[in-house]
Amino acid sequence: MVSVRSVSVTPGSLTPTDLLWIIEHREDRCTLCGQCTAVCPKGAIRLAHMRQRVPKLDVFNKKRGNDYRTFTGIRQETDPAKLCIGCGMCSMVCPNEAITPVAGTNENRTVFFQNLKGAPMTRGGRRNTTGPTLLDKIMFNRISMLTDPALDAGRHEFTTTTTLGRILSPEDFLERTLNGGWIPPSREIFPFIIGSMSFGALSPNMWLGLLQGVAYCNEVLGIPVVMCTGEGGCPPWVLKSPYLKYIILQIASGYFGWDEIIRAIPEMQCDPAAIEIKYGQGAKPGDGGLLMWYKVSKLIARLRGVPEGVDLPSPPVHQTLYSIEESVMKMVQTLSTAFQHKVPVYPKISASTSAKSVLNNLVRNPYAGGLMIDGIDGGTGAAYNVSMDATGHPIASCVRDCYLDLAAQGKQNEIPIFAAGGIGKNGNVAQNGMAMVMLGASGVHIGKYIMQAAAGCLGNEMNRCNVCNLGICPKGITSQNTKLYRRLDPDKVAERVGDVFMSINTEVKKIMAPLGRSQSLPIGMSDAIGIADKAAADRLQIRYVC
Amino acid sequence: MCRLALKTADEPFSPYEVLSAMESMQEGYDGSGLGLLLRGMEFEDFKYNPRFPILSGIAHTEKAWKKLTEYMELRGYELKYDHRFHMQPELIEAEDRHRYFMRAYRIPIAFRDQSDEIRDAELLRTRLALRKLATQEDNITIFSFYPDVAMIKEVGWPMQIGNAFCLHDGQIKSRVCMAQGRQNTNYGINLNACHPFFLQGISTMTNGENTAFVPIRDWLVGKNIPGYTGYQSDSEVFTHILHYTLKKLKLPLQAYKHIITPLNNAELAKHPQGDFLAGLRLACKRLIIDGPNAIIGTLPDETCLLVMDQKKQRPATVGGREGVWAIASEICGVDAMIPDRDPSLDFQPMREHTVIIPPHRKELEIWSQYDPFPLPLAA
């Protein structure tokens, strides 16, 4: 019997089986090369010296005894600060397939210790719920069969673009054309937009790769993809380049990077695609952006106009103005004026039961170029776990309500609604996006999906990896550490961006063709979709099918 | 796919001629309905004044009939002519048809010297009010209420319906006649789903199916314009878009095609009014149709038109000679209506064309979307 005092038990003592991810290590295959321990972003594994008892029998002298040998092997840390995140980099670098993390099947005891030193869990990623999303369950079931034969997705001409920006009613358009009035700017863009991920949240290589890929989509593939910067400003060389037209510049409550942007206006060769004013984010509604100090490198500090190595929490709301209505109105108008009313300006809000009131405000604001609504399944680079998992509103019903509200006023063509938050969560990006379009969105923003598909982000909704906030991204996607982000080749990211959008474009056609649609994006074509869930069908006013 | 036939001639003719053309295209419909629109009216037993609005429709019960006649009187409409069909009721499949009517009225005094716009609005209000009089038990169906236009719609085979109304007896003639033989598609067999659709003098009929129906309908309904109701058929939106183009936006007829099937970016870049048309495309984006469709229509001045959707998967044809022209969804329909024409001069419009038979009926006009747009503001 071992004495109680010799067992080290504290409230936080855990064994590997208590953990979310358990390292399986095969000592018979391990050559002790040390690559896994070197690559592990969390320091979750260590080389350990261990002692093993070897029975020693002296048969002739009829004595039993013990011998000991020491050996070196890999052991998993159980300290909550060093928990394995399941990223699998160890297994990726192991030359002998000697090590891999496996998901723990026991209940995850670590959740009870994710508040050490009084700090609740923060992480990157998105809401940790698995399984098919509501969008995954929507089927396109108004198939052209009789008088309108289905189309050939491969050979027929399709219009797969959407409009970003305010559109006048036909009456106003004619009146202003006749009297030389202002026609609000708009852009014809691909309805899948790379959502706002800041220069700062993303590594320079990731950002460069995305931009290269977007330029390739536009200039070579003819797919007018645009991407949004997020809150961190935009590198000056991009601001003064002809690629700015593919970029939506975001301004958020921290106003990071806007000194550079405003100063660059006289030198811009072209206008940006649009300006997005962020009021809210689906992953952490009511919370501002957060770039933790680990990621505020010299480059990022320069770009954002802040000191190096400090936390950059943006306030939850725009502080400079008295009320949200006034803020929206004035900011939209000010930014529109800054770009001489030639660039669409629109707000981004978190999906919420109050989204309709924001929308109705925008309807009456002639400078508002649209509304972007971000749902609870949206991703983020850094947020409190409780915000991500429990705060917010699913995107589908929020966008549907807003669309129907606009339709009741006959304004659905005037203010485009863009949707985000969980589009492509399980990989069905074109299907999810087109389901949103048929529910009434003019397009969708995809962020997490792009990180996963274009750069191999390892994060998932079983809380795998999700350490974007710490700057230790093992793939170099969300890190500002040169050693880490050099792992990511921007050319390869760009190539994947091209792959992704070519494939989405084809899938969009494969969805539209059987519905007999080719002339315009089927926005609000709710007769084309159904779901085998009566409650959801009733709520979304679509067909229940079974 | 429905079959469509239109004939227009200087000399009024019997609608039965157009029904015989429907017979030649019989493979294409299933007897789920016939719609007829007559314009440029002539009655054998009445010298019709073309300013008198004609109310066409069905009173499904005696009570409904009474309600309707009383209401019209109350509203100040003076009955000038009440056409009695020589009916053969046994040929009508439906049973709740108390009385088909085609009645010419003198418009109330207050409206006689008003502008066309005000009078048209009054006629539409009356038509909508009559529609509201209808109840589940005592139904009233109103097809049209407009000067010089009469309509008949019924469920059944076209020829059979023509015989039921004795349309061959020469009692009714017109200079323009549109007919649709309905192929039931996705929406139920319903009297109100029969084309042609009619609103304030503007009428269209269509074959094929418009898959963009629901978003277009939602947009039109949201405009809250009186008369933009019904939508028992996806094709009703074509009439309302034409009405919206001409009466609400007050654009020339050329704009219709630019609204329902706008040119693409590359084509607009070369167009002399490309910027204006791109703006129009954007402002009217929710009215872009998605066929395949052939759309045949008529306007109050007896102009007839034919346009195709962008995919151009329908073979609609126009043919004829000076003074008499025919448009049909199939060439055999044109043959049946005007056999003595030069078929080598027949024309099948392509995706960019609008075929116009002007009121003088001397020759066809063929407009292309690539032509300059005839509007000073677009320059």
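In chain B of this predicted model, L34(B) stands opposite E154(B), a residue of strand β7(B).

## Strands of chain B

L34(B) faces a strand that has a clear pattern. Strand β2 of chain B (residues 34-43) runs antiparallel to β7(B), and six bridges join the two. How buried is β7 itself? Strand β7 of chain B covers residues 149-154, and six of its six residues are buried, so it is largely enclosed by the rest of the structure.

Look for F43(B) here: its bridge partner in β8(B) is I172(B). Strand β8(B) has another antiparallel partner as well, strand β1 of chain B (residues 3-13), and seven bridges join them. In that pairing, R3(B) stands opposite G181(B) of β8(B). As for burial, 10 of the 10 residues of β8 of chain B (residues 172-181) are buried, so this strand is largely enclosed by the rest of the structure.

Here are the strand pairs side by side.

| Strand pair | Direction | Bridges |
|---|---|---|
| β2(B) and β7(B) | antiparallel | six bridges |
| β1(B) and β8(B) | antiparallel | seven bridges |

## A residue in a loop

Next, find I289(B). Where does I289(B) sit in chain B? Its place is in the loop between α10 (274-283) and β11 (293-298) of chain B. Is I289(B) buried or exposed? I289(B) has 27 C-beta neighbours inside 10 Å, and a residue is called buried at 20 or more, so I289(B) counts as buried.

Leaving aside residues up to four places away in sequence, I289(B) touches N210(B), A212(B), I260(B), T261(B) and D309(B), and also Q519(A) from chain A.

## Where the chains meet

The contact between the chains takes 33 residues from chain A and 29 residues from chain B. On the chain A side, α4 (170-179) and α12 (395-408) each supply at least two residues. Helix α4(A) gives the most to that side, with six residues. By type, the residues on the side of chain A that touches chain B divide into 13 nonpolar, 16 polar and four charged.

## Inside chain A

Chain A is divided into domain 1 (10-105) and domain 2 (149-465 + 488-527). The C-alpha centres of these two domains of chain A lie 46 Å apart. Their contact takes six residues from domain 1 and five residues from domain 2. On the domain 1 side, the touching residues are four nonpolar, two polar and no charged.

Helix α14 (residues 448-455) and helix α16 (residues 490-512) of chain A pack at an angle of about 115°, with their axes 8 Å apart. The crossing of α14(A) past α16(A) is right-handed. I450(A), A453(A), A454(A) and A455(A) of α14(A) make the contact with V493(A), R496(A), V497(A) and V500(A) of α16(A). These contact residues divide into seven nonpolar, no polar and one charged.

Definitions and conventions. Residues are numbered from 1 along each chain as its sequence is written. Chains are lettered from A and ligands numbered from 1 in the order in which they are written. This is a predicted model: local features need pLDDT of at least 70, side-chain atom pairs count only at pLDDT 80 or more; totals for chains, interfaces and linings use all residues. Two residues are in contact if their C-beta atoms, placed from the backbone, lie within 7 Å. Helices (H or I, at least four residues) and strands (E, at least two) are DSSP runs, numbered from the N terminus. Ala, Val, Leu, Ile, Met, Phe, Trp, Tyr, Cys and Pro count as nonpolar, Asp, Glu, Lys and Arg as charged, and the others, Gly among them, as polar. A residue is buried if 20 or more other C-beta atoms lie within 10 Å of its own, exposed if 12 or fewer, and partly exposed in between; C-beta atoms are placed from the backbone. Axes are lines fitted to C-alpha atoms, for helices over the stretch in contact, and angles run from 0 to 180 degrees between N-to-C directions. A crossing is left-handed if the near helix is turned anticlockwise from the far one by less than a right angle, and right-handed if clockwise. Domain bounds come from an automatic or database domain assignment. Two strands pair if DSSP finds at least two bridges between them.
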